[in-house]
Amino acid sequence: MTIGRPDDNSRQNKNQRREAAREKAKQLREQQRRKDIRNRAILFSGLGVVVIAIVVCVVLIVASSAKPAGPGPLNMASDGIKISQGNVAETTAALADGQQPTPSATNAAGVIDIRVYIDYLCPYCGQFESTNLTQIGKWIDSGAATYEVHPLALLDRSSQGKRYSSRSANAAACVANYSPNNFYDFSALLFSNQPQESTAGLDDATLQDLAKQAGVGSADQINTCITNEEFKGWVSDSTTRATTEPLPGSTLAKVTGTPTVLVDGQQYQGSLTDANAFANFVLQVSGQTAATATPTPTPAP
């Protein structure tokens, strides 16, 4: 019997099978390649999420360590800052969210408590400050009085939409928080540079420059605090409290206008441009006279 060559159909089927095997192998390699690419993408994506999460955590930790302890500023637990001899501020913890303010401690016998509720855009506040701040400063220096300042925001509508009352009160809170012993000088500079009503008020850069002129420490933190309005919420809350709730240590049901000036809890309603009138009121309230022992507030010349 003669052994012949495979016919064309047999050869073709064999070639087709070989080609099909090659194609199958190619497909498997392509599938594996795509799988490898997908796995690498998932891996790198997962690593990216982890890295981002770590970065976010670090940023939050740093940010939280730089922020004050609460929604309110340090040293203003009464919603005001109390200045004593040497322009030294009395230190207090920051108000927590929703916490009610705590009235400042009663002064030692013979030390007058002068408390003012002011708006840095209020022209009448400016009159009171320019008239009386020199003699108030002397009383503070001699230990005859303390001076507690409550910044309010009542006149935002009068600064061309720039909310100067709120921004300046926030700036004051920033200084109270980060450099409290410079608050007295900063507050005085806000009044000596007081803008007129119905103007845009001072911009943030000018507020920051005034803080620098007051000699503040932590200038970078104060600048950021002013730019970011760090105590915006507290300014709003403290203003609402002052204008809707009784004023501690007095018979006043609320602040109805600025300046509201209290001397040992009694409201001064005399001239804002007569230093002697205010000094005599202080003497009357304290029950002292110019002839009594020092320290005693005395009228300005």
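These are my notebook entries on the predicted model shown above.

**Entry 1: ground rules**

I am working with a predicted model, in which local features need pLDDT of at least 70, side-chain atom pairs count only at pLDDT 80 or more, and totals for chains, interfaces and linings use all residues. Residues are numbered from 1 along each chain as its sequence is written, and side-chain values use heavy atoms, with hydrogens and water left out.

**Entry 2: the overall layout**

I looked up the secondary structure and found eight helices and six strands. Helices (H or I, at least four residues) and strands (E, at least two) are DSSP runs, numbered from the N terminus. Along the sequence I read the pattern α-β-β-β-α-β-α-α-α-α-α-β-β-α. Of the 301 residues, 40% count as buried. For me, buried means under 20% relative accessible area, exposed means over 50%, and partly exposed lies in between, with a 1.4 Å probe and protein chains only.

**Entry 3: the sheet**

In what order do the strands of the open sheet run? I noted S2-S1-S4-S3-S5-S6, six strands with mixed pairing. Two strands pair if DSSP finds at least two bridges between them. Strand S2 (88-89) and strand S6 (266-268) are the edge strands, and each pairs on one side only.

I then went through the pairs. Strand S1 (residues 81-84) is antiparallel to S4, with three bridges; here Lys 82 stands opposite Glu 148, and Ile 83 has Tyr 147 as its bridge partner. S3 and S4 run parallel and are joined by seven bridges, with Ile 112 opposite Ala 145. S3 is also antiparallel to S5 over four bridges, where Arg 115 is partnered by Leu 262. Leu 262 in turn has Gln 267 of S6 as a bridge partner, in an antiparallel pairing of S5 and S6 over three bridges.

I also checked one crossover: S3, helix H2 (residues 123-142) and S4 form a right-handed β-α-β unit. Right-handed here says that, with the strands pointing away from the viewer, the path from the first strand over the helix to the second runs clockwise.

**Entry 4: two covered strands**

Side chains in a regular strand alternate between the two faces of the sheet. I looked at S4 with that in mind: Ala 145, Tyr 147, Val 149 and Pro 151 are buried on one side, and Thr 146, Glu 148 and His 150 are buried on the other. Seven of the seven residues of S4 are buried, so the strand is largely enclosed by the rest of the structure. Strand S5 (residues 260-263) is also covered on both faces, with Thr 260 and Leu 262 buried on one side and Val 261 and Val 263 on the other.

**Entry 5: the cores**

Next I looked up nonpolar cores, which are sets of buried Ala, Val, Leu, Ile, Met, Phe, Trp, Tyr and Cys residues joined through side-chain atoms within 4.5 Å. The largest has 59 residues, and those with the most contacts inside it are Ile 114, Trp 139, Tyr 147, Phe 183, Phe 186 and Phe 278. Helix H3 (residues 164-178) gives the most to this core, nine residues. A second, separate core has seven residues, including Tyr 117, Leu 152, Leu 252 and Val 255.

I stopped at Ile 114, which lies in strand S3 and is buried at a relative accessible area of 0%. Its C-alpha atom is 8.7 Å from that of Val 282, which is 168 residues away along the chain.

**Entry 6: backbone details**

I found a cis peptide bond from Thr 258 to Pro 259, with omega near 0°; Pro 259 lies in the loop between H7 and S5.

Ser 218 has a positive phi of about 55° although it is not a glycine. I placed Ser 218 in the loop between helix H5 (204-213) and helix H6 (219-228), and it is partly exposed at 35% relative accessibility.

Asp 264 also takes a positive phi, near 50°, in the hairpin of S5 and S6, which has two residues between the strands. Asp 264 is partly exposed, with a relative accessible area of 37%.

**Entry 7: the largest pocket**

Last, I looked for open space. On a 1 Å grid over the protein atoms alone, a pocket is an open set of points where a 1.4 Å probe fits, with protein on both sides within 12 Å along at least five of seven lines; lining residues have an atom within 4 Å of a point. The largest pocket has a volume of about 510 Å³, where volume is the space filled by probe spheres set on the points, which are joined across faces, edges and corners. Of its 32 lining residues, the closest to the centre are Pro 103, Ser 104, Arg 115, Pro 248 and Gly 249. S3 supplies the largest share of the lining, four residues.
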